[in-house]
Amino acid sequence: MREGYDHVASLDPEHELSVEDPSGLRFSGDGAAQARKMTLNMGPQHPSTHGVLRVVLELDGETIVSARPEIGYLHTGIEKECEVKKYQQVVTLTDRVDYLSNLNNNLCYALAVERLLGLEIPDFAQWMRVMLCELQRISSHLVWLGTHAMDIGAMTPYFYTFREREEILKIFEMFSGQRMMTSYIRPGGLALEPPRGWHKAVSRVADQLARGIEEYGNLLTTNPIWMNRTQGVGSLPVDLMIDLGITGPMLRAAGIKTDARKDCPHCGYEKFDFDVPTRTDNDVYARYEVRMEEMRQSLRIVRQALDGMPVGPWQADAPQVLLPDREKMKTQMESLIYHFKIVTEGYRVPAGSVYQVVESPRGELGYYVVSDGTAKPHRVFMRTPSFGNLQALGAMLEGILLADAVAVMASMDFVLGDTDR
Amino acid sequence: MKYGAPDEGSESVLPEAFGGNSTAVALNQQFPDAIIDAKEERDGTVLYIDRAKIVPVCRFLKETAGFKRLSAITGVDWWPRTPRFEVVYLLHSYSLNVRVRLLVRLEEGQEVDSATSVWRGANWYEREVFDLFGINFRDHPNLERIMMPADWEGHPLRKDYPVHGHKYSYQDEG
């Protein structure tokens, strides 16, 4: 066992917790109240922590007195790894950061590198990126909804949401060959040409999703048990939420209308017509309503993309960055040389740095890419929404019941790969 | 396209000519000697702030200029170049829909004041920079490792730390 595992960094600096006292009872301090408190470890292995998150709770009966989340159990050194890979190799690492919204991570990285390179992406590639990212957003929200309902105790929505999600994963497999870690959006455009018949497949799935979202709403939105468990739970003052670093649907449920797709237009989002849903209640139920509405708005974007998809190339015109067409590579000498150079040495990106922001299903996702003029990034920092949101977990869990803690954690919709990288 | 080391890649803008960046102008009026350098990067002007004045600058930007939100704090290691480290503060203002980037250059062993007194959300970000780079933040409430185990030696994101770690296998630990 690692040496530091049993060390619980002080929840309360005056009362150092000791391992010899597992019951947590202490007879110092203010007597009876101190004696009642119990330390409960919601350990890294727990079905409701949505990953390997450790939350050390100090309980007074069923009420949480203080909570301290501990992360780092899924830290795999992705940022370090990015520094030794070429720019095109980093794309596959970005998939795995937030493993439920891969395309959004790909998009952020691709946009950052394209800004450093100064590439212009053709319209068709942009619209295709938007469409696939919105499908990814729906897929991520479907996982959130299914697991959130299951945490509260409703088993059924999980099966229904994963049935719809299966259709979306089949679409991704059709495009890229991979269900989840698609790496389909790369600096310069898309990875492969979209397959024949994609339009029919995506519009069929869009119809299915519309029916599915209605079904989940029927199951949960006016369900008295759901409303009882989720309304009035999990609020923090809005200023404190902003101060602590929360972004995304949690802020939108508190009334702040902010969305990186509208505020920092990128990838052609300004050409699409969609609303940013907000609520004012700032509780778990409001966050549920915001994400349900986000799914409907994403579907709206997907339909607009299907109706108005432009024609054109699916990659930028950048022979020094993008691999040449396979046939050309086999017949023309220059293409062969470009292919060889790009694969073995990589393409050099001009020195500079950029902070690119996109809206991930969890909040503000930003990639800070620093280039030193070579073919490998000098630093790739991923400003992930789950890291910022989880910081607020300690404050959000104070004073609520243990059963509500599960609902609050589910409403935060964090992913540990996103947090720990 | 220009290649080269970072100092040659983008133009270095003298503090006297901010090119209409109102945040930088306001900051320059309030703290005349805080801004050491400014550069035009792909996403706007980047300001290099004096290490000793970063917290008053952040407080001014949060309370007066409206940058209520701290997006992230991170570090960059430029070893073997000196100054070795850069601590990057990414700020965001909802009301003005503006983002600004502040950089603080540090030598090895130098400390920075913690920004937790300005934004509570700086807590975990500074812990991460401490954990992965070894930069100390003064007056931080609990500056401990956050990603690596508590007893880890070394700071992994430094450039002189090997990618696969110092040992061949970490399986047979204690």
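Select Asp413(A) to begin the tour: this residue follows helix 17 of chain A, and its phi is positive, near 50°. The model on the screen is a predicted one, and every angle and distance along the way should be read with that in mind.

From Asp413(A), step back into the helix that precedes it, and select residues 402–412 of chain A, which make up helix 17. Is this helix enclosed or open? Because 9 of its 11 residues are buried, helix 17 of chain A is largely enclosed by the rest of the structure. To see the buried residues, colour Asp404(A), Ala405(A), Val406(A), Ala407(A) and Val408(A), and then continue with Met409(A), Ala410(A), Ser411(A) and Met412(A), which are buried as well.

Next, select helix 3 (residues 87–95) and helix 4 (residues 102–117) of chain A together, and turn the view until both axes can be followed, for they come within 8 Å and cross at roughly 150°. Angles over 145 degrees count as roughly antiparallel, and therefore helix 3 of chain A is roughly antiparallel to helix 4 of chain A. The crossing of helix 3 and helix 4 of chain A is right-handed.

Which residues bring these two helices of chain A into contact? On the side of helix 3, show Tyr87(A), Val90(A), Val91(A), Thr94(A) and Asp95(A), and on the side of helix 4, show Asn102(A), Asn105(A), Asn106(A), Tyr109(A) and Val113(A), which they meet. Sorted by class, the contact of helix 3 with helix 4 of chain A has 5 nonpolar, 4 polar and 1 charged residues.

Along its principal axes, the C-alpha trace of chain A spans about 85 × 50 × 35 Å. Of the 421 residues of chain A, 48% count as buried, and among the contacts in this chain with a separation of 6 or more, 69% come from residues 24 or more positions apart.

Move on to chain B, which has 4 helices and 8 strands, and trace its elements from the N terminus in the order α-β-α-β-β-α-β-β-β-β-α-β. Of the 174 residues of chain B, 37% count as buried, and residues 24 or more positions apart account for 48% of its contacts with a separation of 6 or more.

Where chain B meets chain A, 41 residues of chain B are in contact with 44 residues of chain A. On the side of chain B, select helix 1 (6–9), strand 4 (69–77), strand 5 (85–93) and helix 4 (122–133), the elements that each give two or more residues to the side touching chain A. Strand 4 of chain B provides the largest share of that side, 6 residues, and the residues of the side divide into 20 nonpolar, 10 polar and 11 charged.

For the last stop, select Leu96(B), which lies in the loop between strand 5 and strand 6 (98–106) of chain B. Leu96(B) has 13 C-beta neighbours inside 10 Å, and therefore counts as partly exposed.

Note on methods
Residues numbered from 1 in each chain as written. Chains lettered and ligands numbered in written order. Predicted model: local features only at pLDDT ≥ 70, side-chain atom pairs only at ≥ 80, totals over all residues. Buried ≥ 20, exposed ≤ 12 C-beta atoms within 10 Å, placed from the backbone. Contact = placed C-beta atoms within 7 Å. Nonpolar A, V, L, I, M, F, W, Y, C, P; charged D, E, K, R; others polar. Axes fitted to C-alpha atoms, helices over the stretch in contact; angles between N-to-C directions. Parallel < 35°, antiparallel > 145°, perpendicular 65-115°, else oblique. Left-handed = near helix turned anticlockwise from the far one by under 90°.
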